[in-house]
Amino acid sequence: MPHKRKKKVLFIVNSLSLGGAEKVLSLLANTFHHKAIFDVEIVLLEDIRTYHTAEDIKVTALSPAVHTHALQKLLMLPLDALRLARYIRRNSPDIVVSFIFRADFVNLLASRLTGIPVIVSTRVNVSSTYSQKSAGAAINKFLIRKLYPKADAIINVSQGIQKDLTQNFQVPLQKQSVIYNPYDIRKIERLAEKPLHEVPAFPKERTFIIVSRLRPVKNNEIILEIFATLPEDTRLLIVGDGPHEKHLKALAERLQLDKRVIFTGPKENPFVFMKQAAIYLSASDSEGFPNALVEAMICGCAVISTDCPSGPREILAPQTPFDDLCKEGFEETPYGILVAMQDREAYREAMLLMLEDQQKREALIRAGKKRASAFELDHIVTQYAEKISEVAV
């Protein structure tokens with residue numbers, strides 16, 4: 001009986017810089033490769049490689065340049081699509097799977113020239129991410145509305161994203177599916193145990209942590225302002241960087257939090273910092289499926305998160321309707337605390353509850369670890385493999 005040829009899967013992403021989508025792509029590519037499920041290649045729009053892939057996975061950058069201006073990125077779409085189409089013709093993949101909007105647009109434009117099946121993976125809620133009135137937001141929403149229905153399949157990382165694409169962008173529901181993000185739990189637990197000398201020792205039960213890109217939509221200034229009202233014997237670790245970093249550091253200084261708030265910068269191993277904390281915080285107005293939230297649960301943090309569209313409720317309260325969001329106050333769920341967006345007083349009450357009620361905090365930590373196991377790498381990889389095999393006929 002002839003040996004069945006493995007499908008060749010081409011992944012395309014903006015870059016392999018630090019980020020949630022980039023982390024998921026590298027996890028999937030490495031696992032498909034190591035388990036010999038598919039032959040894997042990766043194309044980057046820009047030549048940035050922070051996440052590691054197996055040495056024998058071919059990684060090609062369409063451009064060595066790093067485009068920082070939004071208009072420049074937009075103008076590059078047709079050229080990048082032509083470059084990708086040329087790569088596809090030379091390398092003959094069976095399917096092209098893209099992550100992040102710009103890579104999705106390039107993938108969908110190139111598919112018009114090559115006819116190769118396409119899967120796009122939607123990582124954020126479009127309506128809440130592009131809620132501001134700007135030319136860039138309008139253009140991105142226009143391209144999503146025009147191009148996404150042309151994909152052979154759309155993989156969303158949450159039910160909230162799927163609902164948004166269906167109702168607000170007329171993407172056919174039959175083309176869509178939901179697959180949550182994967183986590184290599186054993187590796188995360190191993191990395192969390194590494195020694196940490198970068199921050200001084202401090203009681204874990206009095207330590208909060210934020211791990212995120214420091215952008216306005218994350219609302220980290222709200223957390224800093226609340227934290228300034230908490231007992232002096234508490235500490236806050238902020239892991240990450242971004243356009244809001246200078247603003248947040250200036251605010252911390254103005255609030256006289258210099259000794260209680262530690263900005264670590266971005267870390268390839270944030271888990272070792274999570275292990276030092278008892279309570280993970282997110283005040284975001286928009287998420288897709290927040291990676292760091294699940295990683296914090298794996299590392300032994302109780303979670304407080306705003307009940308923003310897409311993601312947190314599906315993780316922390318899966319027994320409830322994903323779109324039945326908290327309008328005011330906070331909600332104690334089986335796996336964490338959900339707070340109404342922009343409700344500062346409720347967020348403060350939730351933080352004090354987790355500080356003062358040790359029994360409740362430890363119960364949420366145990367439950368969170370159990371919930372995180374639902375997103376274990378092998379389980380999610382199987383779902384991706386099934387969807388890719390279904391489309392790449």
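Student: How many bridges join strand S8 to strand S11?

Tutor: Good place to start! This is a predicted model, where local features need pLDDT of at least 70, side-chain atom pairs count only at pLDDT 80 or more, and totals for chains, interfaces and linings use all residues. Residues are numbered from 1 along each chain as its sequence is written, and side-chain values use heavy atoms, leaving out hydrogens and water. Strands are DSSP runs of E with at least two residues, helices runs of H or I with at least four, numbered from the N terminus. S8 (residues 207-211) and S11 (residues 279-282) run parallel, and the number of bridges joining them is two.

Student: Which strands stand at the edges of the open sheet?

Tutor: Let's follow the order, S10-S9-S8-S11-S12-S14-S13, with mixed pairing; two strands pair if DSSP finds at least two bridges between them. Each edge strand has a single partner strand, so one side of each is left without a neighbour in the sheet. They are S10 (261-265) and S13 (330-333).

Student: Is Asn181 buried or exposed?

Tutor: Asn181 lies in the loop between strand S7 (176-178) and helix H7 (185-192). Buried means under 20% relative accessible area, exposed over 50%, and partly exposed in between (1.4 Å probe, protein chains only). At 2% relative accessibility, Asn181 is buried.

Student: Which side chain makes a polar contact of 3.0 Å with the side chain of Asn181?

Tutor: A polar contact is a pair of N or O atoms within 3.5 Å; within protein, one must be able to donate a hydrogen and the other to accept it, and residues adjacent in sequence count only if both atoms are side-chain atoms. The Asn181 side chain has such a contact with the side chain of Arg123, at 2.4 Å. The partner at 3.0 Å is Asn291.
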